[in-house]
Structure formats: structure tokens, C-alpha cells
Amino acid sequence: MQPRAMANAYLQGVEISATQFLDIFRHYDNDGNGYIEGKELQNFIKELQQARKQAGLELTEQMKAFVEEYEQNAGGKIGIVELVQILPTEENFLLFFRQQLKSCAEFMQAWRKYDADHSGYIEADELKNFLRDLLLKAKKTYDDKKLDEYTQTTLKIFDSNNDGKLCLAEMARLLPDQENFLLKFQGVKMPRKEFNKIFELYDQDGNGYMDENELDALLKDLCEKNQKVLDIKNIATYKKTIMALSDGGKLYRTELALVLCADENL
């Protein structure tokens, strides 16, 4: 089946499986940048309306609101989280994350919990544990086959470099943009050598970790130097979120590197 015909067939469904959802997103995200935008978005809106009409289905209220907001908006764009709220996705499995973790700080705490080996990545088995807990919390019934499908689909959606695991920035795409402060920090990440110098400079007592006061001093300077992307008024939020990665108030080099170091390997 041709990709367009496949997407059309899926869009006609009363309920879309996790795998079908991934196929739809990839079809319309032509440039693979993680968003459906511009012409991609206009094509999606047009073909969504056509597919629902062909299937004899009305647009849902969510679809109608979406079409009204974006149909005449040439500069609009949507990501994974927005799309899953529009389409009748089976179980809305991607929304479990947001139901449990409503802030970036909670996201960081979850990261510490599920990155069990502190490798700086959520690997397939760790991701499966995370999704299993979400399903249990949501009191959703599932079997091992369905859990495997959710795990593999989540990996395929967010694993942008196809290494079979998720780094912090990839996993954070599950958060809505307004909550995802890590998007802002993408613009201030630094090479490993520079990051190590910065860490040693602000670890004023040389004990190998930063406390809240030391992190506060670093964040103030980062905000001063990067006013276009970081807002000094949000320092308290930045600090609370980053300290959620700490070990009892001790923020070690490897944890801070997840936010500020551009190199994957320290």
C-alpha cells in the first residue's frame, strides 16, 4: 500500500493503534524534524477531512477545534503530543505520561527513577518498566504483547538518532512545549571541554558536586549571557527542575551534563 493510501485508510479508523499512529506521524512529518508544520500540516488537515468523509464519520470535537485553529494558519505546527490528542488513538498511550507527570520537575524525578543504571539513557527495558507503571497507575488492562508494542512505538517515535535508547532531550519531547524547559537549554549546551571547565568553576568548594547555591550562581550567569533564550525570572523553576536530578541535594557532573553538555559521552 502506498504511504498516502495507508495514511488515508488509518485516518478513517474509529480507533487507531499505536503502530498506525506512528505511521501517520512519519508520513506527514516529511522532513523528520519532529513536527508536522507548514505544507505538511495543511496536507494533513485536508486529508483528515477527506478520510473522515469517505468513512462516513463526522469530525470529533477535538478535530473540529484543531481544524478551526490551524486551517488558515500557514505558520502553525504540531508535535507528537498535539497529534495524539486529535486522533482517536488506542488507549491514548502517549498521554499517560502527561497524566502522571505534569511538570518538568516531575519529569526529571521520573528520569532518575527509570534510568536505573544512571547511564544517561532510558533503554528499552527501562522504558518498558516506565510504561508498565503508567498503565497500572491509569488502571488500564494490558498484556505483554501490547506493552511491547507501546515500548517499541515510543522508541521509534522519540529515538531521533536510532540508537535504540532515549536520551533526556528525546524523552522530554513527551512534554508539551510550554513545560519543556529543556528546549530552551538546547541553545546553551556547550562542548564537553567547556562544560568541564564550567562545572569546576562553579563547584566552588571542589567537592565534586553542586549544591543549590552553586547551581543558582551558574544559572544566573547563563541567563545573563543567553537572554534571548533564558529568562532570569524563571531561575527558580530552572533550579528546581535541574535539582530534581540530584542525589539528595548533590548535583553531580554526570547529571548536570544531561542538561548542559552537548557531547553524549563524558
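View 1. His118 is found in the loop between helix H7 (104–114) and strand S3 (121–123); helices (H or I, at least four residues) and strands (E, at least two) are DSSP runs, numbered from the N terminus. Welcome to a predicted model, in which local features need pLDDT of at least 70, side-chain atom pairs count only at pLDDT 80 or more, and totals for chains, interfaces and linings use all residues. Residues are numbered from 1 along each chain as its sequence is written, and side-chain values use heavy atoms, with hydrogens and water left out. Most residues other than glycine have a negative phi. His118 is not a glycine, yet its phi is positive, about 55°. Asn162, in the loop between H9 and strand S4 (165–167), is not a glycine either and has a positive phi of about 55°. Are these two residues buried or exposed? His118 counts as partly exposed at 48% relative accessibility, and Asn162 counts as exposed at 66%. Here buried means under 20% relative accessible area, exposed over 50%, and partly exposed in between (1.4 Å probe, protein chains only).

View 2. On a 1 Å grid over the protein atoms alone, a pocket is an open set of points where a 1.4 Å probe fits, with protein on both sides within 12 Å along at least five of seven lines; lining residues have an atom within 4 Å of a point. The largest pocket holds about 530 Å³ of space, a volume being the space filled by probe spheres set on the points, which are joined across faces, edges and corners. Which residues lie nearest the centre of this pocket? Of the 27 lining residues, they are Asn33, Gly34, Ile157, Ser160 and Arg173. Helices H2 (18–28), H5 (80–86), H9 (144–158), H10 (168–171) and H11 (182–185) are the elements that give two or more residues to the lining. By class, the lining has eleven nonpolar, eight polar and eight charged residues. In this count, Ala, Val, Leu, Ile, Met, Phe, Trp, Tyr, Cys and Pro are nonpolar, Asp, Glu, Lys and Arg are charged, and the others, Gly among them, are polar.

**View 3. Aromatic rings in pairs.** The structure holds seven aromatic pairs. Rings of Phe, Tyr and Trp (its six-membered ring) pair if their centres lie within 6.5 Å; planes under 30 degrees apart count as stacked, over 60 as edge-to-face and the rest as tilted. Tyr28 and Phe44 make an edge-to-face pair, 5.1 Å centre to centre with 75° between the planes. This pair links distant parts of the chain, with Tyr28 in helix H2 and Phe44 in helix H3 (residues 39–54), 16 residues apart. Both Tyr28 and Phe44 are buried. The ring centres of Phe195 and Phe199 are 6.3 Å apart and their planes are at 45°, so this pair is tilted. Phe195 and Phe199 are both in helix H12 (residues 192–202), four residues apart, about one turn of the helix.

**View 4. Lysines over tyrosine rings.** The charged end of Lys77 sits over the ring of Tyr35, 4.1 Å from its centre. Likewise, the charged end of Lys165 sits over the ring of Tyr121, 4.3 Å from its centre. A charge sits over a ring if NZ of Lys or CZ of Arg is within 6 Å of the ring centre and within 35 degrees of the ring normal.
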